[in-house]
Amino acid sequence: MISEYLAGNSVMPFFICGDAIELLKRFPAESIDMAITSPPYWGKRAHGRSAIEREEDFVRYTDTLMSAFSEVLRVLKPTGSFWLNIGDSYSSKRLMGVPWRIALKMCDEQDWLLRNSVVWNKLRGNPDNSKDKLRGTHEMLFHFVKQKKYYYDISMARKDPLKARSQDGSVISASGVNGSRYKKQIEMSPCLTKDQKRRARSELDVMLKKIENGELADFRMIIKGQQKATHSGSVKLSGRARELESKGYYFLKYHPDGAKLGDVWDITAEASRGERLGFAPFPEELCRTPILATCPPDGIVLDPFCGTGTAMSVAFEHGRKSIGIDISQDCIDSSRKRIIRLSTNA
Ligand SMILES: C[S@@+](CC[C@H](N)C(=O)[O-])C[C@H]1O[C@@H](n2cnc3c(N)ncnc32)[C@H](O)[C@@H]1O
């Protein structure tokens with residue numbers, strides 16, 4: 001069945017009910033493009049269905065997760081990515097540091113290459129009545145790969161660019177640059193020679209033309225003695241410091257497709273779905289960038305602990321095939337219903 005789904009063309013997600021480790025063993029090696037998951041958190045469900053959920057011993061909990069991740073490593077294509085969302089837990093008043101312990105174990109023992117540690121700022125955290133510590137409002141999302149060269153579409157990991165606009169006949173960049181302030185600063189700079197001022201004016205005109213033509217979304221000009229530099233002051237360490245020293249100015253250009261996303265994501269945590277099932281599903285927004293950036297359009301996504309099928313839902317919405325595994329038949333049923341709703345609304 002798994003091989004048939006892998007070979008077929010349907011982007012309808014394929015759901016399997018059972019234990020992730022056992023089921024992944026049946027997958028062919030190097031058959032999946034991208035995996036994203038949020039496994040059961042440690043110590044959260046004493047009466048859970050699977051050993052991972054019930055595990056009281058932290059070492060055994062991590063060992064079981066490691067067995068699941070070694071299967072993920074095996075089934076991923078060499079160019080594949082694995083995104084792991086995991087929250088932290090307290091034990092006897094100690095914050096365990098679960099996410100980083102697992103991430104480092106994966107790198108040290110399974111040879112995963114960690115590419116990013118994203119802080120997911122959940123905006124609204126869980127209620128916390130304790131009087132001696134802060135409320136936890138973040139979780140980690142790690143991006144792992146198998147090898148140095150892997151599939152990554154960076155255009156999918158950019159914020160929407162701000163657009164230049166036109167005002168009183170002159171083009172103004174997204175952040176309000178129209179050149180006149182820089183022109184004044186060039187003239188008034190006590191640090192620039194006559195020749196440097198002439199070259200600075202002419203390069204500034206070229207930049208403004210690029211904004212007008214839509215080749216550039218925005219830029220900033222750093223002029224010696226006028227703006228605070230954005231680099232190390234050492235000419236030994238920084239190419240920009242050398243440029244400032246020799247030319248008297250430099251430009252910071254912003255990509256026309258928007259700035260690259262940073263590694264802190266503000267995404268409101270899901271409030272309602274999954275409450276009945278005893279865990280919080282991750283929000284669709286948390287999966288979107290990982291799926292679009294690291295699963296090719298004709299690729300296949302895997303979530304071995306799929307819960308309410310959030311990752312499958314996002315994959316389906318973006319035309320990617322996907323496989324979701326969960327030990328709970330309730331979860332599989334509600335994931336299937338979610339996809340049916342999505343496909344009938346499409
Ligand atoms: C944190 S939830 C995942 C939530 C999911 N990301 C979503 O958006 O709904 C973890 C899931 O792992 C499942 N699970 C626990 N042990 C499992 C196992 N051994 N194999 C497969 N699934 C398991 C649970 O039933 C639960 O649905």
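**Strands, helices and cores**

Me: Which way do Ile-300, Val-301, Leu-302 and Asp-303 point from β13, and are they buried or exposed?
Reply: Ile-300 and Leu-302 point one way from β13, Val-301 and Asp-303 the other way, and all are buried. In a regular strand, side chains alternate between the two faces of the sheet. A residue is buried if 20 or more other C-beta atoms lie within 10 Å of its own, exposed if 12 or fewer, and partly exposed in between; C-beta atoms are placed from the backbone. The model is predicted: local features need pLDDT of at least 70, side-chain atom pairs count only at pLDDT 80 or more, and totals for chains, interfaces and linings use all residues. Numbering starts from 1 along each chain as its sequence is written.

Me: Why is Met-140 called partly exposed?
Reply: Met-140 has 18 C-beta neighbours inside 10 Å, so it counts as partly exposed. Met-140 lies in strand β7. Helices (H or I, at least four residues) and strands (E, at least two) are DSSP runs, numbered from the N terminus.

Me: What does Met-140 touch?
Reply: Leaving out residues up to four places away in sequence, Met-140 touches Ile-86, Pro-99, Ser-117 and Val-119. Contact means C-beta atoms, placed from the backbone, within 7 Å.

Me: What makes β2 and β13 a pair?
Reply: Two strands pair if DSSP finds at least two bridges between them. β2 and β13 have 2 bridges and run in the parallel sense. Met-34 stands opposite Val-301 in β13. β13 is also joined to β14 by 4 bridges, again parallel. There, Leu-302 has Ile-323 in β14 as its bridge partner.

Me: What is the strand order of the open sheet?
Reply: The 8 strands run β1-β14-β13-β2-β3-β7-β6-β12, with mixed pairing.

Me: Why do β1 and β12 stand at the edges?
Reply: β1 (14–17) and β12 (264–266) each have a single partner strand, so one side of each is left without a neighbour in the sheet. From one strand to the next, the twist averages 20°. Axes are lines fitted to C-alpha atoms, for helices over the stretch in contact, and angles run from 0 to 180 degrees between N-to-C directions.

Me: Which strands does helix α9 touch?
Reply: Helix α9 (residues 284–294) packs on the sheet and touches β2 (32–37), β3 (76–86), β6, β7 and β13 (300–303). Its direction makes about 165° with that of β2. Helix α10 (residues 310–317) also packs on the sheet, touching β2, β13 and β14 (321–326).

Me: How do you know that the span of helix α4 agrees with its 18 residues?
Reply: The expected span is 1.5 Å times one less than the number of residues. For α4 (residues 58–75) that comes to 26 Å, and its end C-alpha atoms are 26 Å apart, so the two agree.

Me: Which residues of α4 are buried?
Reply: Tyr-61, Leu-65, Phe-69, Val-72 and Val-75 are buried. They cover an arc of only 110° around the axis, so they are on the same side of α4. The arc is that of the directions from the helix axis to the C-beta atoms. The face turned away from the buried side carries exposed Val-59, Arg-60 and Asp-63.

Me: Which members of the largest nonpolar core touch the most others?
Reply: Of its 53 residues, they are Ala-35, Ile-36, Ile-291, Val-301 and Ala-311. A nonpolar core is a set of buried Ala, Val, Leu, Ile, Met, Phe, Trp, Tyr and Cys residues joined through C-beta atoms within 7 Å.

Key:
Contact = placed C-beta atoms within 7 Å.
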